[in-house]
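Have a look at the model below before reading on.

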Amino acid sequence: MRRREEMTFLERIYIVEVVKGVLITFTRLIRNLSLHILQLFGFAKKSKASQSIQYPNDRRDYPERFRGRHRLTLHDNGSVKCTSCFLCATACPAKCIYIEPAEHPDKNVEKFPQRYEIDTLLCIYCGYCVEACPVDAIRMDTGIHPEVYEADPRMYIEDKETLMDRSKELVKIGKNKVYEKHMEKMQKLERFEV
Ligand code: SF4
Ligand code: SF4
């Protein structure tokens with residue numbers, strides 16, 4: 001960006017620049033609108049009608065380090081790895097992790113979360129909980145972004161079972177399929193089928 005004193009007279013009075021801006025916007029509007037209409041009738045399919053991603057119909061591949069929805073990791077026997085140490089809840093700036101610890105029946109394991117919940121409506125997806133966990137019990141590597149629910153705040157609370165099931169699903173069908181399923185659900189939501 002140039003400083004005011006470096007601008008020409010025409011640039012300083014803004015009118016020419018404003019007209020240029022309006023022309024660019026208007027040209028793009030007409031172009032994109034025409035392409036969208038043509039594509040509705042099956043023409044010009046190969047031309048990109050707009051720069052924006054037509055979510056949820058267009059797929060956008062997220063980078064490996066994308067912080068997606070949480071999951072609680074599991075031992076080989078399917079039990080939860082979390083030891084209810086509260087480090088994630090302490091580190092969480094949004095205070096949206098709720099843990100209720102309980103004595104584990106196995107004497108070698110000190111504690112386990114009887115209840116573990118994340119209020120995803122409050123969560124800011126910072127990843128501090130993942131960083132804080134000393135036993136790699138919580139991850140955000142699911143590759144899927146937050147859910148869209150009805151206007152009921154309780155729907156956004158993800159409980160222990162949901163978070164554990166996400167780990168199971170990831171192992172069972174793989175990250176790619178998990179993402180595809182998520183997108184299919186979003187497309188149905190948009191068509192009011194869910
Ligand atoms: S991602 Fe951040 S805000 Fe969300 S639960 Fe973890 S620590 Fe809390
Ligand atoms: S997820 Fe990790 S940091 Fe959080 S309570 Fe369980 S073991 Fe502790």
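Tyr14 isn't a glycine, yet its phi is positive, about 65°. You'll find Tyr14 in the loop between α1 (9–12) and α2. Helices here are DSSP runs of H or I with at least four residues, strands are runs of E with at least two, and both are numbered from the N terminus.

Asp136 is another non-glycine with a positive phi, this one about 55°. Asp136 counts as exposed too, with 10 C-beta neighbours inside 10 Å. Its place is the loop between α4 (128–132) and β4 (138–139).

## A cis peptide bond

Tyr55 and Pro56 are joined by a cis peptide bond, with omega at about 5°. Pro56 lies in the loop between α2 (15–40) and β1 (71–72).

## Around ligand 1

Ligand 1 is surrounded by 14 residues, and the closest are Cys92, Cys123, Cys126, Tyr128 and Cys129. To be in that shell, a residue needs its C-beta atom, placed from the backbone, within 6 Å of the ligand.

Sorted by class, the shell has 13 nonpolar residues, one polar and no charged ones. Nonpolar covers Ala, Val, Leu, Ile, Met, Phe, Trp, Tyr, Cys and Pro; charged covers Asp, Glu, Lys and Arg; the others, Gly among them, are polar.

## About the model

This is a predicted model: local features need pLDDT of at least 70, side-chain atom pairs count only at pLDDT 80 or more, and totals for chains, interfaces and linings use all residues. Residues are numbered from 1 along each chain as its sequence is written, while chains are lettered from A and ligands numbered from 1 in the order in which they are written.

Methods: A residue is buried if 20 or more other C-beta atoms lie within 10 Å of its own, exposed if 12 or fewer, and partly exposed in between; C-beta atoms are placed from the backbone.
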